[in-house]
Amino acid sequence: MIISIASGKGGTGKTTVATNLALSLDTHVQLLDCDVEEPNAHLFIRPTWEETKTITTPVPDVDMNKCTLCGKCGEICQFKAIIVIGETVLPFPELCHSCGGCMEVCPEGAITETGRELGIIKSGHKNGLEFVSGRLRVGEAMSPPMIKKVRSFTNPDQLTIIDAPPGTSCPVITAMKGADFILLVTEPTPFGLYDLKLAVGAVNILGIPCGLVINRSDIGDEQVKAYADVEGIPILMEIPFDRKIAEIYSRGELLVETMPEWKGKFLNLYHRIVDIVEQTGAI
Ligand code: SF4
Ligand code: SF4
């Protein structure tokens, strides 16, 4: 089963939920930090790192000795990532989506693959938890290919928890697509509600069952709960606004380790998710 943990905006406590949920479940769990532009789950998990890989994506390299300037590569590229100018062919690796179209259509076999660095992926363990974290290279504009690489570490024999990037655009869709359940983390404020509605819209398009965690649940107003009620979205957990919890977070510690009573609450959250997934027949 794959549980993707998302939020319409940053700072709602998405990583808090992902890390504590993962650490509550003793074995056969992997946590994939797909928030590749700003990965921070490792600060709380503090894994023993075992491997670091540099990740690249294929982009075209043109051999001008073979090129006849026919222009077919430029015609097929939907992203203007390769163009014929005068007597030369110019690839723009930063714009390339690695579709391979230009290599396929080149009649002279003049285009070969070279690599553009996307970033690094680190993997390790903490107790029975397998942890994988991707970090996008500074200056790299496209995070979905990197997120896909992190997700390629998914082990179908284990429960996979994904810490998705915030927002509702391509990166978060890449981190949610194919999941069995989406856990949306929000806060009960007008801003939280606005972004939650956008996130629910994206989840509905994907047709994946979802539930809510309301963080800092005793601030703000009741509008998030009213919205969840109207939309039929179950509220699976509430985390109160508590100075002790904020201090634990600021020290980079985990709730389930510092306040063990929370382990039972996160286990309960997991079992409620399993019930919903089984009822909806998603697995
Ligand atoms: S691989 Fe695809 S996106 Fe990249 S330059 Fe070639 S056609 Fe364009
Ligand atoms: S398709 Fe091949 S031969 Fe034609 S312009 Fe592009 S690189 Fe040159």
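You are looking at a predicted model, where local features need pLDDT of at least 70, side-chain atom pairs count only at pLDDT 80 or more, and totals for chains, interfaces and linings use all residues. Residues are numbered from 1 along each chain as its sequence is written, chains are lettered from A and ligands numbered from 1 in the order written, and side-chain values use heavy atoms, leaving out hydrogens and water.

**Next, the cysteines.** Pick Cys-99 in the shell: this residue is exposed, with a relative accessible area of 61%. (Exposed means over 50%, buried under 20%, and partly exposed in between, using a 1.4 Å probe and protein chains only.) Now jump to Cys-170, also exposed at 54%. The closest cysteine sulfur to that of Cys-170 is in Cys-34, and at 15 Å it is too far for a bond. Searching the whole structure turns up zero disulfides, a disulfide being a pair of cysteine sulfur atoms within 2.5 Å.

**Then Pro-39.** Look in the loop between β2 (29-33) and α2 (41-45); helices (H or I, at least four residues) and strands (E, at least two) are DSSP runs numbered from the N terminus. Pro-39 is buried, at 6% relative accessibility. Show its contacts (heavy atoms within 4.5 Å): beyond neighbours within four places in sequence, they are Asp-33, Ser-133, Gly-134 and Arg-135. Gly-134 is 95 residues away in sequence, yet the C-alpha atoms are 7.0 Å apart.

**Last stop, strand β10.** Select residues 210-215: six of the six are buried, so the strand is largely enclosed by the rest of the structure. Cys-210, Leu-212 and Ile-214 cover one side, with Gly-211, Val-213 and Asn-215 on the other.

Val-185 stands opposite Val-213. On the other partner, β11 (residues 235-239), four bridges make a parallel pairing with β10, and Val-213 stands opposite Met-237.

Methods:
Two strands pair if DSSP finds at least two bridges between them.
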